2 protein chains.
Amino acid sequence: MCDTCHGLEHGHGHGTGHGEGRGDCHCKLSGKVERFIQPCLLLSLLQHSSHGYELLERLSGFRFYPGAPDTGAVYRHLRRLENGGYVESHWETGDAGPAKRIYSITPDGQDMLEAWIEEFRDRKSAMEDFIEKYERSSR
Amino acid sequence: MCDTCHGLEHGHGHGTGHGEGRGDCHCKLSGKVERFIQPCLLLSLLQHSSHGYELLERLSGFRFYPGAPDTGAVYRHLRRLENGGYVESHWETGDAGPAKRIYSITPDGQDMLEAWIEEFRDRKSAMEDFIEKYERSSR
DNA sequence: TTTTTCTATCTGATAGTAGCATATAGGGCA
DNA sequence: TGCCCTATATGCTACTATCAGATAGAAAAA
């Protein structure tokens, strides 16, 4: 159990410093992935700060989401990331329309994104191996 | 809902022929992945027929499973695949030890595996895009 | 002015999965 | 007799995804 897996309910911190917290957790070992919402949110926020409704649209730009991702999931993951300290937010009531909660990525969030990138490289090569194995077997 | 997602409970078939059934199902659209157990089982069985306990060990050879995959999950997925017609089995009581249920891949199963390969290619390139996007953003 | 629509955030309910533990049972061996 | 290994299978719980709906401000249409 760690904040990466389900930080919404148990906010018991994520280690003693940056870049930790992905070691003893089974979510790392077993490859649990939470549908890529979190890394996509983090990368979007690295590009520029944004609010949920806008992130919802920007997420469609990632090829993991051919259709629009679920509204509830996006807001819940943002909250979860905030509880873990990976993003932070403030309310913006200035301009037109309802108030927006603007999210920004934190240094911890940047570390987490970097860990995701590493994970993606691993997965990518595991898939390459799989495909190669298949081609050797079916040929 | 389709057999790819959860064919254990609802055995309502998978379309009218081979290679179908991955179209209207949300599991395809949203990228649900079921931990790669099913494709790994299918590829293992393509290489040669085998029983659950042996497959359990062979699954560790895939880089998706750094540790041993869950026993229960493997047997349940095998049952699920059999209900969908993607694998078939017979009991083997001949040699030493308890009886083994030997599984083999069916033509439908081979089609399913091929669909998985396509999915993996998609995912792989989606991850490459993601990584590239990250590198452009952080540079 | 009233209603509808769009933006925006958030919650509730349900179905399905992963992971862990446990149950069952045959066979070898000490 | 008791213990370990092989082999299959089920029960339970925590968690996730998905769908649906609630809330609410503001603009546009009627």
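The points below comment on a predicted model, beginning with chain A and moving on to aromatic rings, a helix pair and cysteines.

1. Basis of the note. The model is predicted, so that local features need pLDDT of at least 70 and side-chain atom pairs count only at pLDDT 80 or more, whereas totals for chains, interfaces and linings use all residues. Residues are numbered from 1 along each chain as its sequence is written, chains are lettered from A and ligands numbered from 1 in the order in which they are written, and side-chain values use heavy atoms, with hydrogens and water left out.

2. Chain A as a whole. Chain A holds 6 helices and 3 strands, where helices (H or I, at least four residues) and strands (E, at least two) are DSSP runs numbered from the N terminus. Along the sequence the order of these elements is α-α-α-β-α-α-β-β-α. Of its 139 residues, 45% count as buried, meaning under 20% relative accessible area, with exposed set at over 50% and partly exposed in between (1.4 Å probe, protein chains only). Among contacts (heavy atoms within 4.5 Å) in chain A between residues at least 6 apart in sequence, 50% join residues at least 24 apart.

3. Over all chains the search gives 14 aromatic pairs; rings of Phe, Tyr and Trp (its six-membered ring) pair if their centres lie within 6.5 Å, and planes under 30 degrees apart count as stacked, over 60 as edge-to-face and the rest as tilted. One of them is the tilted pair of A:Phe62 and B:Phe130, with 5.6 Å centre to centre and 40° between the planes. This pair crosses between chains, from the loop between helix H4 (52-59) and helix H5 (71-84) of chain A to helix H6 (residues 107-138) of chain B. A:Phe64 also forms a tilted pair with B:Phe130, at 6.1 Å centre to centre and 55° between the planes, and this pair too runs from the loop between H4 and H5 of chain A to helix H6 of chain B. A:Phe62 and B:Phe130 are both buried, and A:Phe64 is buried as well.

4. The ring cluster and the lysines. Ring pairs join A:Phe36, A:Phe62, A:Phe64, A:Trp116, A:Phe120 and B:Phe130 into a cluster. The charged end of B:Lys133 sits over the ring of A:Phe62, 4.2 Å from its centre, and A:Lys133 lies over the face of B:Phe62, at 4.2 Å from the ring centre; the criterion is NZ of Lys or CZ of Arg within 6 Å of the ring centre and within 35 degrees of the ring normal.

5. Helices H4 and H5. In chain B, helix H4 (residues 52-59) and helix H5 (residues 71-84) pack at an angle of about 115°, with their axes 10 Å apart; axes are lines fitted to C-alpha atoms, for helices over the stretch in contact, and angles run from 0 to 180 degrees between N-to-C directions. The contact is made by residues including B:Tyr53 and B:Leu56 of H4(B) and B:Val74 and B:Tyr75 of H5(B). In chain A, A:Tyr75 belongs to helix H5 and is partly exposed, with a relative accessible area of 37%. Leaving aside neighbours within four places in sequence, A:Tyr75 is in contact with A:Gly52 and A:Tyr53; A:Tyr75 and A:Tyr53 are 22 residues apart in sequence and 8.6 Å apart in space, C-alpha to C-alpha.

6. Cysteines. The count is 0 disulfides over all chains, a disulfide being a pair of cysteine sulfur atoms within 2.5 Å. A:Cys40 counts as buried because its relative accessibility is 0%, and B:Cys40 is likewise buried at 0%.
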